[in-house]
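The sequence and structure come before the details.

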Amino acid sequence: MQGDEHTELLAESVRRMLAGEALWSNVIEQGLTGFFSGEHSDSLADLLVVMTELGRRASVLPVLESSIANRYGRGLTGSNSRLALAVGTFGRKEHSGNLVFEPERVLGVARFVEGAADADEWLVLTDDYYLCAVKRDAEGASLESTPALVPGFANLHLWSPARARQLTHEQCAELLAIVRLGWAARAYGAAVEGFESFLRYGKERKQFGQPIASFQAIQHKMANSHMALEGCRLQLAAAGRAHDEGAANWRALAASATAFAAGSLRKVALETQHCFGAIGFSEEHPAPALFRRVHADLVRLGGVGKARAELADFVLAEDGPGVDALFSHADDPVASFRARFRAWLAKNWSSQERDASRARPVGERVWDLQFAGRLGRAGWSTLNWPKAADGLDATPFEQLAYAEELLKAGATDHSLICSCRIMAPEVIAHGSQTLKEALLPGMRAGTVTGCLGYSEPESGSDLASLRTRAVRDGDEYVVNGQKIWTTDGQRASHMLLAARTHPDPKMRHAGISLFIVPMNAPGITIHTMEAMYGQKFCSIFFDNVRVPVDSRLGEENAGWAILAGALANERIAMGGLAIRVQALLGSIAQSVRQRPQLKQESLTRDRIGQLAAEMVTSRLLVAQSLAPASVGPAQLAQAAMAKVFASELAQSVCESALDLLGSVALLGQGSSEVPADGDIELLLRSTIMYVVGGGSNEIQRNIIAQRGLGMGR
């Protein structure tokens, strides 16, 4: 049994155990003390699932401690001993003294030891890399309870006999990475439980005559929290999987997961408390214990600062693998496809062409019909066409790999995206035979190009309110109206037009049809405007434009369902934004690497670590939104999360570049000493379009809350 089914069964088993009295004897009976013992699971991914379930109950049962003893100190402790973990300073801020091991004795003070009073033995990691086992009643050992946000913290004063095993520096680093991950997973579980508890409460609790979950202010808070929680879940799973597969980057992914969790889950816990309001103040309610658990687990062992610093070390290492290595996998599921396209690019896109392309203005650079024709002749233009239409039928992940390799090569297929990737699949599925014969050969060849006729002056994110009319007149429709913000409208050969074909405007979704309209049709007037991001967009007026019935996609008034498919294909293209942001972050890291003084500043390392962790989350959210198993409302919500997170991260990366690099980050391409070849200021100008385009991020948050979380309207 693999994947999600195995994970859910394990989680359910732990849930059942914790539903009772949850004694240490139950943990032993369930075999949860056997992680890394050689007899049971050696899976870190499974251990993190267990820690998540413990977090849901705000439980401190020492499963993680037993796992550490099994992996690094086998034989030091009793097989069923209840353990507490004490860790030395390791550069952390909260220490008051070092822990060291002398022959047969451990000396020093350990602070913030959880569960020490209930433990049979204390597992102590000293600053000189010894893992020691100290009996609870050992000579020279004393315990000082310390009031804290959560109960059970204590200081250990040790001058005590101990059994010990010396670890290497690498083993110590691994041990601490696993502990941080375990605590992050427990904090994630507590945050999820609080979040889900409020979702149930918010759908029942009424104010002003309606459930509070229907208030947009609440919905946007919960949408943000849901994105953070999904990011944590995906990051923890990725780090656990990388460890279990022996990936070289697993420690970096562990730092990323810990950094993202520590930077986001505390905010989730705060927002949950805000949404609960007064009922969440009561200690009789589960919320306070979960709130305490989240905060307690995310601040120790250096907290978010330590995790970000470790991730920054990986990203900024001299001659190191850099940002891209966070996304390398030993078994890339689309490796053969990627290699095939990369080999084709090597033969068909020269470095001279790349340099010539970069020398052109941005608006012209992306419209390379010559290269588009080359892609078409090789069959790459039919990337997402079905095999029945002689297409490549590439999976979403292959399409993402294709976009990634294009970006790395400095090439663009922008002129093909609308026509081949968005319009063509709908023509194949819903177009008349006449339309297919007229358009598909040109789309394949790259000579038929496209633009999207969706938005109108009074119909942007609320696309169902569009007013452009298409009135049937025999074998034609007569179109009148206006489209706005149309990218490439001045140079595309055809438009995918959404128009109202039912006379009753109240028939919102049920009254819309889709058409493929040639842009040179009589009655079309195009007004161009310069966009902030270096390209043109258009206002397009339709004055009695006649469109053949054969140019309609599907049945009359049935365009909304087809439009949903077109938007799904557009969402796959959104994955390219995450790749572009990743490339820019890599360039920024390279610029920092070349400035030794800047590289050593704690603010720099903290910011780079934060952005790298968020970049990992962005890529994971994109991958989740493209998974074949994602269907229906869940897919819409996942796509919305990927879009919101990537677009807002793009802004954050650019703004951070200004803070880190200063005025030189404002320089455009061609300026001397310009970092990232001018892409910082270019992407900064473009991010506004990404946040607003394709449905504003506020509307996307509505989708996340209403479709993904069922919070109602």
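Is Ser513 buried or exposed?

## Basis

This is a predicted model, in which local features need pLDDT of at least 70 and side-chain atom pairs count only at pLDDT 80 or more, while totals for chains, interfaces and linings use all residues. Numbering starts from 1 along each chain as its sequence is written, and side-chain values use heavy atoms, with hydrogens and water left out.

## Ser513

Ser513 is buried, at a relative accessible area of 0% (buried is under 20%, exposed over 50%, partly exposed in between, with a 1.4 Å probe and protein chains only). Ser513 belongs to strand S15, residues 512–518 (strands are DSSP E runs of at least two residues, helices H or I runs of at least four, numbered from the N terminus).

The side chains of Ser513 and Thr501 are joined by a polar contact of 2.7 Å (a pair of N or O atoms within 3.5 Å; within protein, one must be able to donate a hydrogen and the other to accept it, and residues adjacent in sequence count only if both atoms are side-chain atoms). Beyond neighbours within four places in sequence, the contacts of Ser513 include Leu497, Arg552 and Gly559 (contact is heavy atoms within 4.5 Å).

## Helix H7 and helix H19

H7 (residues 250–276) packs on H19 (residues 602–626) at about 95°, with axes 9 Å apart (axes are lines fitted to C-alpha atoms, for helices over the stretch in contact; angles run from 0 to 180 degrees between N-to-C directions). The two helices are therefore roughly perpendicular (65 to 115 degrees; under 35 is roughly parallel, over 145 roughly antiparallel, the rest oblique). H7 contributes Leu253, Ser256, Ala259 and Phe260 to the contact, and H19 contributes Ala612, Ala613, Glu614, Val616 and Thr617.

## Helix H6 and helix H7

H6 (residues 216–244) and H7 pack at about 155°, with axes 8 Å apart. H6 is thus roughly antiparallel to H7.
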